[in-house]
Amino acid sequence: MPLSQLPLDRLPIRRLGPDDLLACADLSENRGWPREEHKWGLLLAAGVGHGIADPSGKGLLAVCVVTSYGPELAAIGMVLVAERYARQGVGRRLMRHVLAEAGDTPLSLYATSNGQPLYEELGFTEVARAEMLRGRFTAAEPAPERSVRPATAEDVQQVLRLDHEIFGADRTHLITRLPAFADHLRVAEQDGEITGFAALWPNMETHVIGPVIARDTGTAQALIASLAAATDRPLRTDIDTGHSALVTWLKANGLEQITTNAVMIRSRAELPGDGNRRFAPLTVAAG
């Protein structure tokens, strides 16, 4: 039977690949999100995209991406349903498909206020909130003195070990893509030991800061200030609201809150790793 004659609950869900990047970006635009082609490229390369083709033959009617970090955790992002198919159960069906594929693997996601009720219905629990900030960094309030420099190839193994320790799961397949994905990658160090790292990557008219992994708030501030000095674009970042000192410092330096999202998890009580040293994610794709 042609797709155009199938009901929505029988349309096939398929894996997405790099060739679907433009269709994913089109769907983002359809829902009023930025196209974010650069981010889509990373997510489709490092994660597994799931999508439903639009029965009209024009692109995709629904998508999401799952990024696996091994048996400890997987992250769901970019959950999108085309406007003409919204509120017809398509998002719920796609999520149930992802949950079935994940099995016992805990899942995390960032939820908007619109998406949160569905995720709660599917067994997700809010464990934190993240504040999205945007603006031109003024450097009005200086960062503490720390030794920060551009990352080199020799830093990779230390960065991977630090990320695994703090994030609590193996992100090798993402972190090793950072040098090519980001415009700037910085490390902080003390006595020859890397104590934090952060990246600055292009996204439409802004530069996004993330991830930010650091020993303490002062180190996170120094990394962000170093990255901010490398661009004349507005900055955007997502900071866990538990890091109130960092949020206050960013606002004092010209960034303003755009929105807050719920950090949610399923099949475990909390996120793995050390939240005290995990300041900003690599990418946020709230749905």
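1. Helix α3 has 13 residues and spans 19 Å from its first C-alpha to its last, close to the 18 Å expected at 1.5 Å a residue. The expected span is 1.5 Å times one less than the number of residues in the helix. Helices (H or I, at least four residues) and strands (E, at least two) are DSSP runs, numbered from the N terminus. In α3, V90, G91, L94, M95, V98, L99 and A102 are buried. Buried means under 20% relative accessible area, exposed over 50%, and partly exposed in between (1.4 Å probe, protein chains only). G103 follows α3 and has a positive phi, near 60°.

2. A word on the basis of this note. This is a predicted model, in which local features need pLDDT of at least 70, side-chain atom pairs count only at pLDDT 80 or more, and totals for chains, interfaces and linings use all residues. Residues are numbered from 1 along each chain as its sequence is written, and side-chain values use heavy atoms, with hydrogens and water left out.

3. The largest nonpolar core has 41 residues. Such a core is a set of buried Ala, Val, Leu, Ile, Met, Phe, Trp, Tyr and Cys residues joined through side-chain atoms within 4.5 Å. W40, V63, I76, M95, L109, Y119 and F124 touch the most other members. At least two residues of this core come from each of α1 (21–30), α2 (37–46), β3 (60–68), β4 (74–81), α3 (90–102), β5 (107–111), α4 (116–121) and β12 (256–266). Strand β3 gives the most, with 7 residues.

4. Not counting residues up to four places away in sequence, L109 touches I76, M95, Y119, F124, A262, V263 and M264. Contact here means heavy atoms within 4.5 Å.

5. L178 lies in helix α7 (residues 178–181). L178 is buried, because its relative accessibility is 1%. Leaving out residues up to four places away in sequence, L178 touches L185, F197, A199, P211 and L282. The C-alpha atoms of L178 and S267 are separated by 29 Å, and these residues are 89 apart along the chain.

6. Now the strand pairing. Two strands pair if DSSP finds at least two bridges between them. Strands β7 (residues 147–150) and β8 (residues 184–190) run antiparallel, joined by 4 bridges. S147 stands opposite E189 in β8. Strand β8 is also joined to β9 (residues 193–203) by 7 bridges, again antiparallel. Q190 stands opposite E193 in β9. β8 and β9 form a hairpin with 2 residues between them, and D191 in the turn has a positive phi of about 55°.

7. R236 is worth a look. This residue sits in strand β11 (residues 235–240). R236 counts as buried, at 10% relative accessibility. Its contacts, not counting residues up to four places away in sequence, are E36, K39, M132, L133, R134, N203, T206, H207, V208, I209 and I258.

8. K39 forms a salt bridge with E36, the closest N and O atoms being 3.4 Å apart. A salt bridge is a side-chain nitrogen of Lys or Arg within 4 Å of a carboxyl oxygen of Asp or Glu. Both partners are buried: K39 has 1% relative accessibility, and E36 has 4%.

9. The whole structure holds 21 salt bridges. One of them joins the side chains of E205 and R134 (3.0 Å, N to O). E205 lies in the loop between β9 and β10 (206–214) and R134 in strand β6 (residues 125–135), so this pair ties together parts that are 71 residues apart in sequence. E205 is partly exposed at 48%, and R134 is partly exposed at 29%. D274 and R277 form another bridge, with closest N and O atoms 2.7 Å apart. D274 is partly exposed at 22%. D26, E29, R35 and E37 are linked in a network of salt bridges.
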